[in-house]
Amino acid sequence: MRLMIFSDIHGNLAALQSVLKDAAKRNVHRNICLGDLVGYGPYPNECINLVRNLKNCRCLAGNHDVATLWETSPYGMSKAAKEAILWTMDQLSSGNKAYLHSLPDRLDLEEMTFVHANPYNPKGWRYVMDRKYALRSFAATSSRFIFIGHSHRPLVISKKHWLTVSIEPITGNKEYEINDSRRRIINCGSIGQPRDNDPRACYLIYDTRKQTITFHRIEYNVQKTVEAIQHLNLPPVLGRRIFKGT
Amino acid sequence: MTFKHHGKTSTTNLKQRFFLWSSLILIGGGLLLSLLSFWNTRRLLMAEAMDKSEVILQEVEAIRSYVKKELRPKMVELHGKDAFIIEAMSTTYISTTIMKTFSQSMPSYVYRRASLNPLNPQNSADSFEEDMLDWFEEDPSRTFWQGVVKKNGEAFFISMVPDYFADPCMRCHGKVEDAPQSLIDRYGNTNGFRFQAGDLAGINSVAIPVSSSFRAAWQGSLVLFLITVPASLLLLWLLNLLFQRLVIERLGAMLSLMKEKKKEADTEQPGDELDALRASLGSLQQYVHTARKGSSLQPNFINGYAAGTPITAGAISWLYNGYTTTVEDREKVSIKIGFDEALQNPLYRACFETELNLFETLFHPCLPKFRDRIGDVVILNAIEGESLSCLFGKGPLQDPLVQSIFSQLCDLTAHMHATGVVHHDLRPQILHFDKNKKLTLLDMGLASNDQQPDPITAAGLGPQGDFMYMAPEQIQGRRGDPRSDIYTIGVLLYLANTGKLPFSSKQRSMQKWALQKAKWVIQKEDKEALSPEMIGIISKALSNAPEKRYQWVEDLREDLEKIHSRISS
C-alpha cells in the first residue's frame, strides 16, 4: 500500500495542483493531509475543495484551520499570519467551514499516528524539532511511526535508545529506508510554504510493502501564487517567503 | 413482574433466580470446603498417630528380642539351667515393666500386653482385646491391625501386633511340672500353662488418645465455615449488584420499550424477563413476515415515491424497488425502510443512523447514490442486477468475471477503510452485480466508523452477522479492525473461484466456528483447480491471525491484478 502524506498547503493552489499531478503518476492508494489547508495563501476554498474531492483521503485539523473558525484566537499569531487568517475567514464558504470544523486532530492507523503538530498535545501546536519534544512525542503513543507537519521542514527523528534520538533534516528528493524496528517521527514538510530554504513543494509517500519513505520536492509556478497574494492585498512578506522557501 | 426504566431498581424473577442459585452454590461450596478441611486434618492426625504407635511397638519388640536372644541365655549360663529369675528372663514381665516406666513420663501412650490365659492376671484381655485375639487366631497371616476405638467415651488410635510362642517359651508356658518354682510361687499353677510352640501367646498394643485432636480439627473447620459464610454473603451481594447493573436494568429498559409498543398486551405473562423478550421477538418476527407479505401485494406510497417488491431484507431495514411519482417520467429508485418496531431499540436505531450517515457521506461507484430521506425511509438510486449469491451458486466463475467483481469490491473496501469505516458484514446477499458489470453494495448496517462511538461495542454485544463470512477475531467479539473485511474478501474469493464455501455451513456454536476457521487449510482438490498464486492469495487472506493476513486491502488487490494481467497477456 502506498500512502501519500502531505501537510501545510496554506491556500497555495498552484503548489497543491502540481503535487497532486506528480502523485497521480506514482500510483498512490491513500492520502492523508496533516492539516493547515488554509492561512497565508490566496486560494483557501479551492484548496479545501481539491482535498475534499481527493479519493481515499483523510484530513486532520491544523492550527490555521481552527483559527479561521475562531476555535483559537488568531491574535496570538504573527502579524502577517493574523491578517491572512482574518481575510480567510471572510472568504470561506459555509460548506468548507463545516468541513474544517469536522476535521479530527489525531488519527491512528495500524502502526502509524498522524497529527498536525505533536501527539502529546495536538492542539497545543508545539513544534517537534528537538530531543525534548521528540521524546515527549514518542511517549505519547505506542505507534512505530508518528507523521507530523506544522514546522514546514522535512525531517526524520529516529529513536535510538531510551533517551537518545537522531535528528536528520531531509533535503531534496530522498528515499529513506525504514526496514528496521526503530520508532520514528517523520515530518512531511510543507506544500504551500516550505521553510527549509527550498521553495519547492514537499510531500512524501510511505510504501508499506517496500518499507520506504520517499520525500518528493515538486517545482510549481511560485510567481502565480505571489501575484495572487499581491492582487488580494495580503501582506507582501507572504509572497517573499514562498519565493525564498523560508 | 414489573420493570422500570434504566437507572431505577427493579425486582424481577431473573434476579431472584440468580440470587437463589448463587446463594445455594456459595453456601454449599462453603460447607464442602469446611468438610474437606476437617477430612484432611483428620487424615493427617491419623497418619501421625500411626507413625508414633509403630515406633513404640517396634521398640517393645526390640526389648523382647533382646531378652530372648541376649539376656535370658546369659542368665542360664551364669545361674544354671534350672534357675529362673523373672525380672531378667521373662520377656512379658520385662517389656511391660519398661513400658510402665515409660508411661509415667508419657501418660497419654498406653502399652498393653494382653492374653486370654496369662500368667499375670493383670494381662488378661478385655472384651475388645478378646475379639482381636480371635481375629488374629482366625488367620495367622494377619500380623498387624490399626484403628480408632472408643473406650470409656474417649477415642484411641490403637496399633496391635500378635505374639506367638516359640520353643524357649515352653519352659514357663508348657507343662506345669516343667515350670520354674519361682514362677509358680509368684503366679500360681493354674493360669498361663499348657501351651505349645506356635500357639498365639497374646497381643502387644499401643493406644494413643485422639479425641482432643479430632475436637480441635472439627472446631477449626467450624471456624472456617463461619468465616466462609459471611464472605460468601458479601460476594453474593456484590455479584447481585453487578448483575443488577449489567443485566437486569438493561433488560428492563429493553422490555419497557417493547411494552410501550405493545400496550394491548397488559396481561402478565408467565416466565422471567428472557421469556418475555423471546415472546416480544417472536411477535416482531411475525410482524416482519406480515410486512413483507403486504409489501409484495401492493405498492406503498411514501411522499413522492412508491415502494414495490423487496430486494433484500435485513434485521433493521428492508430495501425495496421503487419509483418516483412526482415527475411525468417514472424514475426508478430503491427505497430503504427502517422497521419501526426494530428501531424502537436504541441499539438498532444507532446502527440504522450510522448506516444512513454512511450512505449520505460516502461516495463511491459501488454505493447507491443517496437522494433523499423521509423519516426512517431513505431514497437511493435504483439498484440493478442480481445478488452475488445467485452468481456464486452457478459454480466457479470465469477469470474476467472474478477480476471485475473483486477489483470493484477491493476498491470499495479500500475506500471505506481509507475513510475509517469497517463494514464487518460483507456477504454475497448484499452485493449486487448488474449487466454492465457494476457491483453495488446494499447494506452497511453493521459498519463501524473510527470517528464515531461504535453502538455494538458500547452495548457489549457479541458477534453480529453471518459466521460463515466473519473473521475469527470478529467471532470473538472484536470490531473495528479493517483486516476483518480482508478475511471476508478471502472467503468470497474462495467461493468465486471454487463455487463452494470454505467452511461447513452446519449450524454450530461460536466456539466450533472459531475452531473450524483456525484449522482451515486449502484442500487438495482446490490445489489442483486453482493457480499457485491464487492459492497464495486466498491462504494469506484467510489466515487466522490478523497480523498474518494482508494488512491493507490495496495489497490484496495488487496481487489479484498481477494474476489477471498474467492471464490476459
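This is a predicted model: local features need pLDDT of at least 70, side-chain atom pairs count only at pLDDT 80 or more; totals for chains, interfaces and linings use all residues.
I started with B:Arg371, which makes a salt bridge to B:Glu331 with the closest N and O atoms 3.0 Å apart. My criterion is a side-chain nitrogen of Lys or Arg within 4 Å of a carboxyl oxygen of Asp or Glu. The pair ties together distant parts of the chain, 40 residues apart: B:Arg371 sits in strand E9 (residues 370-374) of chain B, B:Glu331 in the loop between strands E7 (317-324) and E8 (332-338) of chain B. Helices (H or I, at least four residues) and strands (E, at least two) are DSSP runs, numbered from the N terminus.

Residues are numbered from 1 along each chain as its sequence is written, chains are lettered from A and ligands numbered from 1 in the order in which they are written, and side-chain values use heavy atoms, with hydrogens and water left out.

Next I checked cover, with buried as under 20% relative accessible area, exposed as over 50% and partly exposed in between (1.4 Å probe, protein chains only). B:Arg371 is partly exposed at 31%, and B:Glu331 is partly exposed at 38%.

Then I looked at B:Arg478 and B:Asp481, a salt bridge with closest N and O atoms 3.3 Å apart. B:Arg478 is partly exposed at 43%, whereas B:Asp481 is buried at 9%.

The whole-structure search gave me 44 salt bridges over all chains. I picked out A:Arg209 with B:Glu558, at 3.8 Å from N to O. A:Arg209 lies in the loop between strands E11 (201-207) and E12 (212-218) of chain A and B:Glu558 in helix H19 (residues 553-568) of chain B, so this pair joins two chains. A:Arg209 is partly exposed at 36%; B:Glu558 is buried at 17%. Both also belong to a salt-bridge network with A:Arg2, B:Asp555, B:Asp559 and B:Lys562.

Last stop was strand E7 (residues 155-159) of chain A. Five of its five residues are buried, so the rest of the structure largely encloses it. I found A:Leu155, A:Ile157 and A:Lys159 buried on one side, A:Val156 and A:Ser158 on the other. Pairing takes at least two DSSP bridges between two strands. E7(A) has five bridges to antiparallel E8 (residues 165-169) of chain A, with A:Ser158 partnering A:Ser166.
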